[in-house]
Amino acid sequence: MSGSGGAGSGGRDVIRVAGAQGFWGDDLEAPVRQVEGGPIDYLMLDYLAEVTMSVLRKLKARDPSAGYARDFVPLMERIFPACVERGVRVLANAGGVNPLGCAEAVVEAGQAAGVAGEARVGLVTGDDLTERLEELIANGHTLTHMETGRPLSDILDDVRSANVYLGAGPIVRALSLGADVVVTGRCADAALTYAPMIHEFGWSLDDADLVASGVVAGHINECGAQSTGGNCLANWWEIPDLAVVGFPIIEARPDGSFVVTKHPNSGGRVSRASVTEQIVYEIGDPASYVTPDVVADFTTVQLTDEGRDRVGVHGVTGRAPTELYKVSVAYSAGWKAVGTLTYAWPDAALKARAADVVLRERLDRLGLAFDEIRTELVGWDSTHGPLVGEPSGEVPEVQLRVGVRSSDRASVERFTREISPLVLTGPPTVTAYGGGRPRVQEIMAFWPALVRKDAVDPHVAVEVREV
Amino acid sequence: MRSVQLVHLAHARSGDKGDTANVGVIAYEPEHYDLLVERLTPERVKRHFGTMIEGDVERYELPNLHALNFVLHGALDGGGTVSLMSDAQGKVLSTAILRMEIEVPDEVAEAVEGRGRVPAGWTPPSPRVHDG
């Protein structure tokens, strides 16, 4: 993409960073709408939920060429020509546990799309600690669980993946080496949004207020349409055209202020309400939002109305980052299954509760070992629990939903055989067992830990390949 | 003073981090923020959720955004893929908190009547079908 590559700022006073995926499985058409719906400079796609890394690792174990978000490759083949033509650079954490394999596939997609010689693909590696855990523990990195205080050595045999949330540094390096597409493994989601700001505006990573502004922009951008009217509670019935909802676009300025907007003629709504709901989404202490590059203070955020579907953000401050990276470790922690049956009026809830009693007694008589058996009545208490009180006999229907968890796979397997029999052997007027037996699932638990940056940074590498 | 359900005064969004959920509660009207700060103490919120939350409730203030952030420890049955809950990621705890009843001055109660709920008679529009 001639013109967009090369080092440093072109003296631009605004850049548009478009959010196009909030998780792997998000609206497949959104990235296309973002590229074609109006001017943007960068397209950022967040594919990696916590659980995704362990799933990808399992896939890679079966097929060494797998282990990344495969949807990204056909998407790039589809949008590559438009991105080259319009000078849109793409940043994605689609690399999962195999960023190299992903980058190679994107190079091939570019060739198939007819942009050979016109684009470069950058690649960030070094976030994956899975093969380094024994070495790290031997060198005194205990990778202690942040909440329980247990050392990782307690569960080392069960670990499936361990990845560091890298910061923006290596992404900025890839951009300055001329990458038009940057593929990463695990990195701080927000870094995919503010790395272009650092690159274009020449910000120093030591300028905590600017980087913190970028973090807030990234936080608003990283969950797709959740900032533009999707899943927005305030006056949700007035939000138009969610079928073609516009995904967020951050119009960033060199002073750290930015506007949240979306393409004209798209659905959804950008309002103070929609943006505020996203700012408070999945945060702890808002004055100390810890990221690899800065500790951002979300309490300093100022919002302004800047016209229809435009909300301005300014005033964000931050403090220097810590010497530590967050590590997300996934480990195998047993088995679970969930079974459901639907009971009809009259007295639907009482029938379901009576069936639950029968089921539990049978599980007990079988001598099965469970760490937990959990019963919910869908249609009554599965969302707000005991806050809703007791159902009357006139509730038209409820779904009995029973989940079990155990370290013993055989117990969970046997549980899955105990749901259907209730249809003929339990309380009456029950249906919806046609879906077959419940599926046994392996539980991947998470072990949040910290590791010193100097144990990771020497392993971080950036390279750029020609399409 | 009158008792009013929080759903008429605030909107909210919730999410997860492991076994901890957070709920951001945002005043519809900036002038009601102080009332929320006064009424929605962490103790009151902890009492509201009762057995749904095993650990502590922490509260953080975001006055610029007229919002309070509640961090609910031990709210998700282990969280993530460990949890057996339908709502393992705490996505709908947002409206669970809005069930709370709080005492407000009569004029506030009158002003917020009906707010936060779908207007009577509203139904979703028909799908717009492509004709070409």
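Is A:Val181 buried or exposed, and how many other C-beta atoms lie within 10 Å?

Analyst: A:Val181 is buried: 30 other C-beta atoms lie within 10 Å. The cut-offs are 20 or more such atoms for buried, 12 or fewer for exposed and anything in between for partly exposed, with C-beta atoms placed from the backbone.

The basis comes next. This is a predicted model, in which local features need pLDDT of at least 70 and side-chain atom pairs count only at pLDDT 80 or more, while totals for chains, interfaces and linings use all residues. Residues are numbered from 1 along each chain as its sequence is written, and chains are lettered from A and ligands numbered from 1 in the order in which they are written.

A:Val181 belongs to strand 6 of chain A, residues 181-183. Strands here are DSSP runs of E with at least two residues; helices are runs of H or I with at least four; both are numbered from the N terminus. A:Val121 is 60 residues away along the chain, yet its C-alpha atom is separated from that of A:Val181 by 4.8 Å. Neighbours within four places in sequence are left aside for the contact list. What remains for A:Val181 is A:Met76, A:Val90, A:Val106, A:Ala119, A:Val121 and A:Gly122. Contact means that C-beta atoms, placed from the backbone, lie within 7 Å.

Two packed helices are described by the angle between their axes and the distance between the axes. Helix 3 (residues 72-86) and helix 4 (residues 99-112) of chain A pack at about 30°, with their axes 8 Å apart. The axes are lines fitted to C-alpha atoms, for helices over the stretch in contact; angles run from 0 to 180 degrees between N-to-C directions. Helix 3 of chain A passes helix 4 of chain A in a right-handed crossing. Nonpolar covers Ala, Val, Leu, Ile, Met, Phe, Trp, Tyr, Cys and Pro; charged covers Asp, Glu, Lys and Arg; the others, Gly among them, are polar.

Further along chain A comes helix 7, residues 191-201. Eleven of its eleven residues are buried, so helix 7 of chain A is largely enclosed by the rest of the structure. Among the buried residues are A:Pro196, A:Glu200 and A:Phe201. The buried residues of helix 7 pack against strand 1 (15-21), strand 2 (42-45), strand 3 (89-92), helix 6, helix 8 (208-221) and strand 7 (249-252) of chain A. A:Gly202 follows helix 7 of chain A and has a positive phi, near 65°.

Take helix 6 of chain A, residues 169-176: its axis comes within 9 Å of that of helix 7 of chain A, and the two cross at roughly 50°. Helix 6 and helix 7 of chain A are therefore oblique to each other. The bands are under 35 degrees for roughly parallel, over 145 for roughly antiparallel, 65 to 115 for roughly perpendicular, and the rest for oblique. This crossing of helix 6 and helix 7 of chain A is right-handed. A:Ile171, A:Val172, A:Leu175 and A:Ser176 of helix 6 meet a set in helix 7 that includes A:Leu192, A:Ala195 and A:Ile198.

Now helix 8. The axes of helix 7 and helix 8 of chain A come within 7 Å and cross at roughly 140°. That makes helix 7 of chain A oblique to helix 8 of chain A. Their crossing is right-handed. From helix 7 of chain A, A:Ala191, A:Leu192, A:Thr193, A:Tyr194 and A:Met197 take part. From helix 8 of chain A, the partners are A:Val211, A:Gly214, A:Val215, A:Ala217, A:Gly218 and A:Asn221. Seven residues of this helix 7 and helix 8 contact are nonpolar, four are polar and none is charged.

Methods. Left-handed = near helix turned anticlockwise from the far one by under 90°. Contact = placed C-beta atoms within 7 Å.
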